[in-house]
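Here is a short note for a colleague who has not seen this structure before. Please read the points with the model open.

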Amino acid sequence: ATPLALIRGGGMAAERGILMRSGEAFQILKDITHVVLDKTGTITEGKPRLVAVEAVSDLGRDEVLRLAAGAEAASEHPLARAIVDAAEERALEMPEAGDFQATAGQGIEATVEGRRILVGTSRFLRSRDVDVSPAQEVLDRHEAQAHTAVLVSIAGAVAGVLAIADAVKPDAKDAIAELKRRGITPVMLTGDNERTARAVAAAVEIDEVHAQVVPQDKAARVRGLQEQGARVAMVGDGINDAPALMQAHVGIAIGAGTDIAIESSDVVLIGERLGAVPEAITIGGMSYRKTVQNLW
Ligand code: ADP
Ligand code: MG
């Protein structure tokens, strides 16, 4: 590659909020066969809002929300933000939390007012020996509506369900269609549950979906595709996407990506537009062609 072509491509890219952290990324982009996308914050806006609080024990809904928000206060996850914001909107007095611990792709736990609070997936609660069956029906109902529903356990017993909705980005469907038009296969990977994942994938017309994928497994899924000969670009925004971003041929961090996602990527998309992904691929191809012309 001639540096000139790279610089030119780089300028064009920068105008569209596409920053290349390595010159190599350009060349690899033109050969991509699969684009693997994280769901939350990548395909969706990543600005989830709490849409329902349901109590499944004798504790009231406000009490469930108050304790969950106290436990989530130290979490950087977008779901945590939604829970804390909702508690603040309802003017609930937020309790202090201690011994905070996050399990990536599963949930968080902390001690609030002397009680251990868990917030996360049913798998996460079950791994901590919590019987989730009292919440199952409520959980199913929300997941069928494409809500991300997280369970709240208080002192070892499931106490409620928090239903969170995250809108699909306005340009997501077009961006996916554009990738398909170029013969690139989009694949969605998410830590979220199967039902919510399918509902979101259907909305943007992605056929290949892997749900309940923990962060280490996101990288393994990318490696699996690579072993079948795929040239993979991974698009993600979160700390949980970092291993997969590193594993992919090209890692693409999007939006207000966490520092670690950016550090793990070759390409950084400033802004929320998913349309910048096919654009980056186009620019990669163009600067490559320029390079070839320059050589002639
Ligand atoms: P995605 O892959 O969609 O970005 P994550 O891998 O970050 O999602 O999380 C997967 C699932 O783990 C979430 O849908 C949620 O159920 C649970 N989870 C993760 N972090 C938290 C948290 N801080 N609070 C509650 N639930 C969480
Ligand atoms: Mg994410």
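Predicted model: local features only at pLDDT ≥ 70, side-chain atom pairs only at ≥ 80, totals over all residues.

1. Residues are numbered from 1 along each chain as its sequence is written, while chains are lettered from A and ligands numbered from 1 in the order in which they are written.

2. The protein chain is assigned domain 1 (3–45 + 168–295) and domain 2 (49–165), with bounds that come from an automatic or database domain assignment. The C-alpha centres of domain 1 and domain 2 are 31 Å apart.

3. Between the domains, 14 residues of domain 1 are in contact with 11 residues of domain 2 (contact: C-beta atoms, placed from the backbone, within 7 Å). On the side of domain 1 that touches domain 2, α3 and α9 (194–204) each supply at least two residues. Helices (H or I, at least four residues) and strands (E, at least two) are DSSP runs, numbered from the N terminus.

4. Ligand 1 is surrounded by 22 residues, and T40, H77, G105, G191 and D192 are the closest (a residue counts as near if its C-beta atom, placed from the backbone, lies within 6 Å). Elements giving two or more residues to this shell are α3 (39–43), α5 (78–89), β5 (107–112), β6 (115–120) and β7 (148–154).

5. Where does ligand 1 lie relative to domain 1 and domain 2? Both domains give residues to its shell, so ligand 1 lies between them.

6. The axes of α4 (residues 61–72) and α5 come within 9 Å and cross at roughly 130 degrees (axes are lines fitted to C-alpha atoms, for helices over the stretch in contact, and angles run from 0 to 180 degrees between N-to-C directions). The contact is made by L65, R66, A68, A69 and E72 of α4 together with A80, I83, V84, A86 and A87 of α5.

Key: Contact = placed C-beta atoms within 7 Å.
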